[in-house]
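Reader: Please take a close look at the aromatic rings in this model. I would like to know how they pair up and where the partners sit.

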Amino acid sequence: MDSALNILSYLSQGLWTTVSIFLAATFFSFVMAFFAGLCRVVKNPLVRGVTTAYVEIFRGTSLIVQLFWLYYAVPMLFGINLGSNWWVGVIAIALNYGAYMSEVVRSSVLSVDEGQTEAAIALNLSRVQRMRHVILPQALRLMLPEFGNYMIQILKGTALVSLIGLTDILYYGDIYRSTNLDEGPLAYLMVLIMYFIIALPLIWLSKKGEKISKKGVAG
Amino acid sequence: MEPVVQYKEVQKSFGDTHVLKGINLDIMPSEKIAIIGPSGSGKTTIIRLLMTLAEPTGGDILVDGKNLWKMEVNGKTKTANEKHLGAVRDDIGMVFQHFNLFPHKTILENCTLPLTSVQKMDKTEAEALAKQMLDRVGLGDKFEAYPANLSGGQKQRVAMARALVMKPKIMLFDEVTSALDPELVGEVLEVIRDLAAHEDMAMVLVTHEMEFALEIADRVLFLDEGVIAESGPADDVINKSENPRLQEFLKRFRSNGQS
Amino acid sequence: MWSWETFIDAFPFVIEGINITLGLTVTSYLLALAAGFIWLVLESTPSRIINFFFHWIREFIRSTPPLVQIFFLYFAWPEVPYVGMTFTPFIAAMLALGIHFSTYISEVYRSGIESVDQGQWEASKALNLSTKDTWMRIVLPQALPPTIPMLGNYLIILFKEVPLAATIGVVGILSLARTYGSNTWAYLEPITIVAILFLLLSYPSALLIRWLEKKMNNRFEKKETKVKVSK
């Protein structure tokens, strides 16, 4: 028990890296999700085409490949230095899960009954007002459980940043194991438990979201 | 007097299905028109085109002399954009078969939404007007209720109040009683009867209620296979027409016991 | 800078790993399909305590990073008392990914079974069918087909997690791309090749699944008419 606590306090040095990347990546994933999701339901075929390409490319390749690609390629290809690996991690995760979550936004918006749009047109609401007052408030409830699930995916995805040299929970877990080989199982178990503890509120959120969305839109 | 709406050779097809094959119709201010006809004859489509919910595939619709679906840009005629359509929509209101109330908003919010967001009215003023309209349809005690807590008849009355707050020149009713339980039809017709008697606006009702059409309509149109096959005073069309298709429609209708 | 020469040079080197990448995908997927059933059994025993226990074990595996689970099996498992043993990188990755995805697959199975109408069970009982016959002839034939698109989706998702195995030295395409990079200091082209290969394999599969999904929906729900004609 002593060594378990020992390990936990050692691992907690990486907690802030994990949590900060998780929070930032979640924030930007949502931004991308709404931006791309709404772009995919507009009339303009060019806007729709470009966003569809973004979504399909990021959903079609894998997060770890995208992370390495950004890590190696962006500085070489565009001569931009993203500043720090922290940003590389955040951007890779946000682009990846933003693409997945934009599908949630798109399909929820499309699943709101067409009669709602028609009634809003009949009341002469503009396109933006229809989206803001009528469609989105109803679509949001449908998105909740999926968003909860994707936030768990984002958390799991943050473990990859140790591969580009960031000092997150997993990084400290690796260091601990390599210096205390026989305590390896306990070290990784503690890493898993730390991730699980962070995930618990998200699990709760997605279950809660499921209930809300099942209840339907009526107040 | 100038007609408030004119249909000129209006056509509409969905893919290969020609729903409207050349509609010519003038609607006068404050005229009450009922449109009857068999399923698939294009009744609902006629009013959906006017509400800008669907675009005609041919012909012109004029509202107050202005072309609804076309606009002039630098001397060229183009399909109307949102702004052009929005300028006309203020004059037209519509009540739907399935009510289409906004389920996430209270009854009162349903009615104030167009006032505050389209007409930029301030909230107190909007609420006063909305309450007045809700009172008028007999729902003065339900302001804070959500649509889910109302009966079908009550929902439809809210939908009418919501359309009324905009004070449209033309009000469209799309089979507003056909989704209701039979015992709830009366309360909705009562409101329409009241509007027909006391309001100046033109009204177009797509309906299956023959007796009701006979009672309130100045004019009845019989729509058949995409054209207006009969048009005239209600009594002439429903009781005196010799058109065999209309006779058959009315016969089938009555034998179904729906009237 | 981007060089087509490097691209062409790296391509045959990277593609060598495709068999391992696909092999790991298929084996861990088969493991996930089988283990998915085991969860289902473990979570529907007569004992509520046991069900609860395994439910949270599954939740634990599901909500923690597969990368850590791979490390656990590869680096730490040999140190586990009594049951500890050394796995090859391939086996460690296969076990970790297979078990990780089995937690999702079991949910798919469950949703399939729950989608079978309660009346089907009652009718089977009324006909005095044995438990085995009820499952094999009535419930499963109805429960499984609707899950096929979902299972297909998880195959694609699993495929995209397989390059995680590169971190413990499974020599798939990503691993070879990084080797090429460290030998030549050209990372951009080989990693791009990996991305293209993933896209080429997963995008058509995704389209296939979506098509299948549409077909299933049409079969299991009433068809909606395409053209809305007014009354």
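**Aromatic ring pairs**

Author: Phe37(C) has a relative accessible area of 38% and is partly exposed, whereas Tyr109(C), at 6%, is buried. The model is predicted, and local features need pLDDT of at least 70, side-chain atom pairs count only at pLDDT 80 or more, and totals for chains, interfaces and linings use all residues. Residues are numbered from 1 along each chain as its sequence is written, chains are lettered from A and ligands numbered from 1 in the order in which they are written, and side-chain values use heavy atoms, with hydrogens and water left out.

A pair of aromatic rings is described by the distance of the centres and the angle of the planes. Rings of Phe, Tyr and Trp (its six-membered ring) pair if their centres lie within 6.5 Å; planes under 30 degrees apart are stacked, over 60 edge-to-face, and the rest tilted. By this rule there are 36 aromatic pairs over all chains. One of them joins Phe222(B) and Phe249(B), with centres 5.6 Å apart and planes at 40°, so the pair is tilted. Phe222(B) belongs to strand 11 (residues 219–224) of chain B and Phe249(B) to helix 9 (residues 244–255) of chain B, so the pair ties together parts that are 27 residues apart in sequence. Helices (H or I, at least four residues) and strands (E, at least two) are DSSP runs, numbered from the N terminus. Phe222(B) is buried, at 1% relative accessibility, and Phe249(B) is buried at 7%.

The rings of Phe37(C) and Tyr109(C) have centres 4.3 Å apart and planes at 25°, so this pair is stacked. Phe37(C) is in helix 2 (residues 18–42) of chain C and Tyr109(C) in helix 5 (residues 89–114) of chain C, so the pair ties together parts that are 72 residues apart in sequence.

Ring pairs also link residues into a cluster, formed by Phe68(A), Tyr71(A), Tyr72(A), Trp185(C) and Tyr187(C).

Charged side chains come next. Lys12(B) lies over the face of Phe14(B), 5.0 Å from the ring centre. Over the ring of Phe102(B) sits the charged end of Arg162(B), at 4.6 Å from the centre. The rule here asks for NZ of Lys or CZ of Arg within 6 Å of the ring centre and within 35 degrees of the ring normal.

Technical notes: Buried < 20%, exposed > 50% of the residue type's maximum accessible area, 1.4 Å probe, protein only.
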